[in-house]
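Work through the exercises below with the model open. Each task is followed by a stepwise solution.

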Amino acid sequence: MRREERVSEERYNAQDPLVVAAEITASADALVRTLEGLDEGGWDRTGVYHWPTTEVRTVEWIGRHTVHESVHHLHDIEELL
């Protein structure tokens, strides 16, 4: 996912915090709408997820993991602000 490279390529430190906050909010809202729209079969579907290792994961796992990581990153942002 080139996590470290993207930091400098996308110039994270130079981005407008208000724009970033709006983008994060919009993305979180889209995630909520997507997860809320899943039926039982949707939660059981699988996809390839590349972190921490490349594995086939259920949408339930991917959703749980994404929300969990987002909470950690939000805490980091709050600490910095």
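A residue counts as buried when its relative accessible area is under 20%. The model is predicted.

**Exercise 1. Find what share of the residues in the protein chain is buried.**
Step 1: Apply the cut-off of under 20% relative accessible area.
Step 2: Buried residues come to 9% of the 81 residues.
Step 3: The chain exposes about 6,900 Å². Carbon and sulfur atoms supply 57% of that area.

**Exercise 2. Give the order of the elements, then judge the spread of the chain.**
Step 1: Count the elements. There are four helices and two strands.
Step 2: The order is α-α-α-β-β-α.
Step 3: Along the principal axes, the C-alpha atoms fill roughly 40 × 25 × 20 Å.
Step 4: Check the contacts. Of those with a separation of 6 or more, 14% join residues 24 or more positions apart.

**Exercise 3. Describe how strands β1 and β2 pair.**
Step 1: Locate them. β1 covers residues 46–49 and β2 covers residues 55–58.
Step 2: Pick one pair. Val 48 has Val 56 in β2 as its bridge partner.
Step 3: β1 and β2 form a hairpin, with five residues between them.

**Exercise 4. State how far apart the mean positions of the positive and negative charges are.**
Step 1: Count the charges. The chain has 8 positive and 17 negative.
Step 2: Take the two mean positions. They are 6 Å apart.

Key: Residues numbered from 1 in each chain as written. Predicted model: local features only at pLDDT ≥ 70, side-chain atom pairs only at ≥ 80, totals over all residues. Heavy atoms only, no water. Pairing = 2+ DSSP bridges. Buried < 20%, exposed > 50% of the residue type's maximum accessible area, 1.4 Å probe, protein only. Contact = heavy atoms within 4.5 Å. Areas by Shrake-Rupley, 256 points an atom, 1.4 Å probe, with all protein chains shown as cover. Lys, Arg positive; Asp, Glu negative; His and termini not counted. Charge placed at Lys NZ, Arg CZ, Asp CG, Glu CD.
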